[in-house]
Amino acid sequence: MRQPLVSVIVDNYNYGRYLAQSIESALAQTYARTEVIVVDDASTDDSPTVIRRYARVVPVFKAVNSGQASALNAGFLASHGEIVIFLDADDYLEPDAVARVVAAWKPGIAKIQYRLRVIDGSGRAVELFPPRDTRFDSGDVVPLLLRSGRYHTAVTSGNAFSREVLQRILPIPEGEFRISADGYLVTLAPLFGTVLSLDEPLGVYRLHERNAWATRESAAAGRFRHSLKQDFSRYRALSSKAAELGLEPPIDPGLHDWLHLESRICSLCTEPEGHPVRSDSRVFLGWRGFRESLRDSRLRWTRRAMLAAWFLAVGLLPRRHSRALVIWRMAPAARPWFLTKLLRLIRGRQRHAPRAA
């Protein structure tokens, strides 16, 4: 059988200190038919110098910083692979990542997704993303997308896309997806084929002060507003493409997605005057979150029960108590010691509990 060409497109902006490891991981792939494109989005650090050290990469230097969507669009135009992996410059791939993707690839696949090992800024292993107790969604995920606007997937570096599919959804709208452009890709790609999930980690996601996870353990209102803004942009893109394909566009899909509802109720609790959905109430969002978290059979039953209880409490308790619950959930460092100890005990039991079918 003819071996497909695979493009690894590294997108970079001012990640010079991590860039070499990312590029070298792409160049070191055991699969021979791999091309490496590196897009620099007008960095002001030493990134251009780092890129020029590698004769085997195809460099794309942008004159003006325009954001992640613009960088991914430019990288795709410079690529030729039948399978495309977008790799953030602060992440890197395992040596056999491309080989594993190619071995698993079948006709009709829109994308393959895989877990990533998460490390901190010093390189210490933290966890997996998604965690082992979260079941990936595979196969035809269109019904899930049209209902809730989301399926369980990976971040940018944890996906490999069919070029034919990318040609049908690119370019990514650069104004709406200046950051978190992967949200557009993973939302629209499954409309054109199936999703295949590999449970093994094939790459590394680096947690540091400048990436999205820097705000992951924060209860700042801006964090929730950003998440909601990205969700609403994804929903608009999904509705437009679904209508184009003759599918029924989703109506307020976020009301069926506990992750979206989590951001929505947190936004309302932390800064109600700036909340983007004026008709929302804590009682309504708490009830929806309670119901949707219990319905998510991809999670262990203990996690579903804890999420449901949290939503109900945030929706019904007085505002000051609800705000405390938001802070304790979203900013672990602010939790009382007894709550931290209790959660560790529950998580320890979860590791030995049977996974949801």
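The side chain of Ser 322 makes a polar contact with the side chain of Arg 282, at 2.7 Å; a polar contact here is a pair of N or O atoms within 3.5 Å, where within protein one must be able to donate a hydrogen and the other to accept it, and residues adjacent in sequence count only if both atoms are side-chain atoms. That's one detail of a predicted model, in which local features need pLDDT of at least 70, side-chain atom pairs count only at pLDDT 80 or more, and totals for chains, interfaces and linings use all residues. Residues are numbered from 1 along each chain as its sequence is written, and side-chain values use heavy atoms, with hydrogens and water left out.

**The overall picture**
- The protein has 13 helices and 9 strands; these are DSSP runs numbered from the N terminus, with helices being H or I of at least four residues and strands E of at least two.
- Of the 357 residues, 56% are buried, and buried means under 20% relative accessible area, with exposed over 50% and partly exposed in between (1.4 Å probe, protein chains only).
- Take the contacts with a separation of 6 or more: 74% of them link residues 24 or more positions apart, where contact means heavy atoms within 4.5 Å.

**Around Ser 322**
- Ser 322 sits in helix α12 (residues 319-330) and is buried, with a relative accessible area of 0%.
- Setting aside neighbours within four places in sequence, Ser 322 is in contact with Cys 269, Arg 282, Ala 313, Val 314 and Leu 317.

- The axes of α9 (residues 258-270) and α11 (residues 301-316) come within 11 Å and cross at roughly 30°; axes are lines fitted to C-alpha atoms, for helices over the stretch in contact, and angles run from 0 to 180 degrees between N-to-C directions.
- α9 and α11 are therefore roughly parallel to each other, given that angles under 35 degrees count as roughly parallel, over 145 as roughly antiparallel, 65 to 115 as roughly perpendicular and the rest as oblique.
- On the α9 side, Trp 258, Leu 261, Glu 262, Ile 265, Cys 266 and Cys 269 meet Arg 303, Leu 307, Trp 310, Phe 311, Val 314 and Gly 315 of α11.
- By class, the contact of α9 with α11 has 9 nonpolar, 1 polar and 2 charged residues; Ala, Val, Leu, Ile, Met, Phe, Trp, Tyr, Cys and Pro count as nonpolar, Asp, Glu, Lys and Arg as charged, and the others, Gly among them, as polar.
- Helix α8 (residues 221-244) packs with α9 at an angle of about 140°, their axes 9 Å apart, and the two are therefore oblique to each other.
- The α8 residues in this contact include Phe 224, Leu 228 and Tyr 235, and those of α9 include His 260, Arg 264 and Thr 270.
- By class, the contact of α8 with α9 comes to 6 nonpolar, 5 polar and 3 charged residues.

**The enclosed helix α3**
- In helix α3 (residues 68-77), 9 of the 10 residues are buried, so the helix is largely enclosed by the rest of the structure.
- The cover over those buried residues includes β1 (6-12), β2 (34-40), β3 (58-61), β4 (83-88), α6 (163-169) and α7 (182-188).
- Gln 68 belongs to α3 and is buried, at 14% relative accessible area.
- The side chain of Gln 68 reaches the backbone nitrogen of Ala 181 at 2.9 Å.
- Gln 68 and Phe 177 are 109 residues apart in sequence, yet 7.2 Å apart in space, C-alpha to C-alpha.

**A buried lysine**
- Lys 111 is in strand β6 (residues 109-119) and counts as buried, at 0% relative accessibility.
- The side chain of Lys 111 makes polar contacts with the side chains of Gln 113 (2.7 Å) and Tyr 151 (3.4 Å).
- Not counting residues up to four places away in sequence, Lys 111 touches several others, among them Trp 105, Asn 159, Phe 161 and Leu 196.

- Most residues other than glycine have a negative phi, and most peptide bonds are trans.
- A cis peptide bond joins Phe 129 and Pro 130, with omega about -10°; Pro 130 is in the loop between β7 (125-129) and α5 (142-148).
- Another cis bond joins Leu 170 and Pro 171, with omega about 5°, and Pro 171 is in the loop between α6 and α7.
- Asn 14, not a glycine, has a positive phi of about 55°; it lies in the loop between β1 and α1 (16-27).
- Ala 42 has a positive phi of about 60° and is found in the loop between β2 and α2 (47-52).
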